[in-house]
Amino acid sequence: MADGGRRGRRAFIGSFTAAGGPGVVTAAVDADSGALTVLSGVDGVPDPSYLALAPDGGILYAVSETAEGAVAAYRVTDDKPEPLGAPVRVGAGPTHLSLFAGHVLTADYGSGSVTAVPVRPDGTLGSRSSGQLRHTGSGPHEQRQHAPHAHQVQPDPSGRWAVSVDLGTDSVRVCTLEDGRPVLHREIALRPGSGPRHLAFHPDGTLAYVLNELTPTVTVCRWDAGSGSLKPLTETSVLPGAPDGDAAYPSGIVTSPDGRFVWTATRGEDVLSVLAVEGEALRLVGTVPCEGHWPRALTESGGHLYVANERSGDVTWFAVDPATGVPRRGGAIKVPAASCVVFG
């Protein structure tokens, strides 16, 4: 939906219906405080765990993170999103989606693939996918890396490439679309056993920060949009000391709009980490509690950070100190089995 001013700003929250979540929740956003107020929910699609808005804000897309796997479209209205057509099958267990070159791309964790679904001129989805790229490979972690597990896919800042992050193969793949089908351009290997989960680009488009789930670190990479290549440079811990056993699973990563800070969320430890950008390196400033349990996703909007805490069933928001990058809790709303937050 177009920005209707301060009153019209909205947040859309995904959740796991299998764990008691309400589906897709719409919330009003206070422009000054960043506070959220729940307006409505719609539960027509099972486990809409990750959401993405069309550039004009008029259509909302959601993965259905189920064994079968699907993507759905909604028309954004003042009251609540309205389903548009039937969901379209993609790969198994999709965990992320984005818009790229007239298609919705999904990262299919279960099948280790990236699927492209065409978007019609009116924003609705084509009746079937137009192609799929299946990842290959594995990693040293016997339980988590026995097969490919695509966890995220997104366009690079130039819009020329789609970049997918695979936890199972310790790699990042750079792709293009040919006749609507994802085609591999380049695969970049990261440290074996790191388990990359999500990637965020620096605002100037020259660096990419890869958050690793199996080791609580961020890998800083140089990004060359001209050649579509990624070069790992350094790796920085997101925690000040060794985690408590295996109870540290990083989940979300975002960069500040001015490019001075990177923030991450870590489940188990249930903290947000503040990292200062120092050239082509990161420095851990410190951590603060996420004020919930199992922070699955992290979003920045309007100078605030928003955390979807899956197991405590809430979304918390934080004001960010512009000088230090340190978040300060502002408030929370209840959303059972919350999984992501996007803004329109």
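How many bridges join strand β2 to strand β3, and do the two run parallel or antiparallel? In this predicted model, β2 covers residues 24–29 and β3 covers residues 36–42, and six bridges join them in an antiparallel arrangement.

The average pLDDT over the chain is 95, and 97% of the residues score at least 70. Residues 1–7 are a stretch with pLDDT below 50, and in the model this stretch has 11 contacts beyond near neighbours in sequence.

In one of them the order is β9-β10-β11-β12, and the pairing is antiparallel. Its edge strands are β9 and β12, the latter at residues 131–134, and each of these pairs on one side only. From one strand to the next, the twist in this sheet averages 20°. The contact between β9 and β10 (residues 103–108) consists of six bridges, with the strands antiparallel. Within that pair, serine 98 stands opposite leucine 105 of β10.

The other open sheet has the strand order β13-β14-β15-β16, also with antiparallel pairing. Here β13 and β16 (181–189) are the edge strands, each pairing on one side only. The twist averages 25° from one strand to the next. Eight bridges join β15, which spans residues 171–178, to β16, and these two strands run antiparallel. Valine 172 has isoleucine 188 of β16 opposite it. In general terms, strands of a sheet pair through backbone hydrogen bonds, either parallel or antiparallel.

How many cavities of 30 Å³ or more does the structure hold? It holds one, and the largest cavity has a volume of about 40 Å³. Its lining is made up of Phe100, Leu105, Val114, Val153, Ala162, Ser164, Cys175, Thr176, Leu177 and Pro182. The elements that give two or more residues to this lining are β14 (162–166) and β15. The largest share, three residues, comes from β15. By class, the cavity lining has eight nonpolar residues, two polar residues and no charged residues.

The largest pocket has a volume of about 990 Å³. It is lined by 39 residues, of which Tyr50, His96, Gln152, Gln154 and Val254 are the closest to its centre. Which elements give two or more residues to the lining of this pocket? They are β4 (51–53), β9 (94–100), β13 (150–155), β17 (196–201), β21 (249–255), β25 (295–301) and β29 (338–343). Among these contributors, β9 is an edge strand of its sheet, and β13 is likewise an edge strand of its own. The lining of the largest pocket divides into 20 nonpolar, 15 polar and four charged residues, whereas the lining of the largest cavity has no charged residues.

How values were computed
Residues numbered from 1 in each chain as written. Predicted model: local features only at pLDDT ≥ 70, side-chain atom pairs only at ≥ 80, totals over all residues. Heavy atoms only, no water. pLDDT = per-residue confidence, 0-100. Contact = heavy atoms within 4.5 Å. Pairing = 2+ DSSP bridges. Helix = DSSP H or I, 4+ residues; strand = E, 2+ residues; numbered from the N terminus. 1 Å grid on protein atoms, 1.4 Å probe; cavity = no way out; pocket = protein on both sides within 12 Å on 5 of 7 lines; lining within 4 Å. Points joined across faces, edges and corners; volume = space filled by probe spheres on them. Nonpolar A, V, L, I, M, F, W, Y, C, P; charged D, E, K, R; others polar. Axes fitted to C-alpha atoms, helices over the stretch in contact; angles between N-to-C directions.
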